[in-house]
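Thank you all for coming. I would like to walk through one structure with you this morning, and I will take it topic by topic.

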Amino acid sequence: MLGRIAVTTLILGLLSFGVQSAEQGDTQCGAFNEDQMLKQKGFAIPTEHQWVVRIVYGKGFEGKIKNNGCLGALISKRTVLAPAHCFVQYNGVAEAFSVHLGVFNKSAPVGVPSCELDGYCTRPAQEIKLAEIAIHPEYDSRTLKNSLAVLTLQRDAKIYPNVMPICMPPINLLNETLVAQTFMVAGLRIYEDLRLKTWVNTLSRSFCQNRVKTLVTSSNTVCGYHALKETYYLGAPLVGMQKKGHSTQNFYLVGIMIDWGLDGDRIMSSFLAIRNYMDFIKQNSNSLIVRS
């Protein structure tokens, strides 16, 4: 029976919070592969962007959300970030009850291998129920400012080649500009079944507001055009590439999509910049992963 989960803005896990280095033990995050990154086909390989999470709702609630669905980003084995307006409309009650991890084909059943016509099969997606949803205390459902939710899962995700957390922003990049950068968004698409990735070229907020006047933006967002005309569900993670010396070592989370609109035949999206909410995320997560 589908149930409701009460929304909380309480601080969770404050005493147990810790930041793990991805180089300690077998902890992994933000897997990066240059060969995979360069392949811009009709889908993303199942073993890349493994932090994309699909939110599962009670029957009928999807109709209250733009394009009938939402995504999130797995940031630890038991924590997911997603837009707050994927859960809270006006009544303060969250209708989501679980997440799906490792979804490559959104039409494939959960818990069984997904096999395509060419014989290529992927590991089954995992379904994990939610334990709690922490909504940012300054979230405004009318303007969508501070639209951030931290989801706590009832159990740890099993880390496989198709399921892995995304690294959090490293300290040295927290104050770098997000404008005039090239990032990548990945997720499940609105009109297609297979997960995909797209380059995003970021622009100034004033430019975005002038081009798409209905686009939700604020001082805590970054916006830009998609390189491909592909539309994703809200919450699609935007990631950057963290370098070590002359090599790229991993992806890290830049933001989550909170809105998108059309500018002629181009798609422009707005992303909530995660770096502005690190205190709230830390207070509601028991363990995050940062590559030094």
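Predicted model: local features only at pLDDT ≥ 70, side-chain atom pairs only at ≥ 80, totals over all residues.

The space in the largest pocket is about 320 Å³. Which residues are the closest to its centre? They are L173, Q181, F183, M241 and Y252, out of the 19 residues that line the largest pocket.

Now to the disulfides. A disulfide is a covalent bond between the sulfur atoms of two cysteines, and a search of the whole structure turns up three disulfides.

I will begin with C29 and C167, whose sulfur atoms are 1.9 Å apart. The torsion about their S-S bond is 85°, and the link is right-handed. C29 sits in the loop between strand 2 (19–21) and helix 1 (34–38), while C167 sits in the loop between strand 11 and strand 12, so this pair ties together parts that are 138 residues apart in sequence. Are these two cysteines buried or exposed? C29 counts as buried at 3% relative accessibility, and C167 is buried as well, with a relative accessible area of 0%.

The next disulfide joins C70 to C86, with an S to S distance of 1.9 Å. Here the torsion about the S-S bond is about -80°, and therefore this disulfide is left-handed. C70 lies in the loop between strand 3 (52–57) and strand 4, and C86 lies in the loop between strand 5 and strand 6 (93–94), so the pair connects parts that are 16 residues apart in sequence. C70 is buried at 2% relative accessibility, and C86 is buried with a relative accessible area of 0%.

That leaves C208 and C223, joined with an S to S distance of 2.0 Å. Their link is right-handed, with 100° about the S-S bond. The pair links distant parts of the chain, since C208 belongs to helix 2 and C223 to strand 14 (residues 221–226), 15 residues apart. C208 is buried, with a relative accessible area of 0%, and C223 is buried too, at 2% relative accessibility.

How many salt bridges does the count come to? The count is five salt bridges, and I will take you through some of them.

R78 and D156 bring their side chains together in a salt bridge, at 2.9 Å from N to O. R78 is in the loop between strand 4 (71–76) and strand 5 (79–82), and D156 is in the loop between strand 11 (149–153) and strand 12 (182–187), so the pair ties together parts that are 78 residues apart in sequence. R78 counts as partly exposed at 27% relative accessibility, and D156 likewise counts as partly exposed, at 37%.

Another salt bridge is formed by the side chains of D263 and R211, again with N to O at 2.9 Å. D263 belongs to strand 16 (residues 247–263) and R211 to helix 2 (residues 205–211), 52 residues apart, and the pair thus links distant parts of the chain. D263 counts as buried at 11% relative accessibility, whereas R211 counts as partly exposed at 42%.

There is also the salt bridge between the side chains of D140 and R142, at 3.4 Å from N to O, in which R142 counts as exposed at 72% relative accessibility.

Finally, a word on the backbone. Most residues other than glycine have a negative phi. N146, however, has a positive phi near 55°; this residue is found in the loop between strand 10 (126–135) and strand 11, and it counts as buried at 13% relative accessibility. A180 also has a positive phi, near 60°; A180 lies in the loop between strand 11 and strand 12, and it counts as exposed at 63% relative accessibility.

Notes: Residues numbered from 1 in each chain as written. Heavy atoms only, no water. Salt bridge = Lys/Arg side-chain N within 4 Å of Asp/Glu carboxyl O. Helix = DSSP H or I, 4+ residues; strand = E, 2+ residues; numbered from the N terminus. Buried < 20%, exposed > 50% of the residue type's maximum accessible area, 1.4 Å probe, protein only. 1 Å grid on protein atoms, 1.4 Å probe; cavity = no way out; pocket = protein on both sides within 12 Å on 5 of 7 lines; lining within 4 Å. Points joined across faces, edges and corners; volume = space filled by probe spheres on them. Disulfide = S-S within 2.5 Å.
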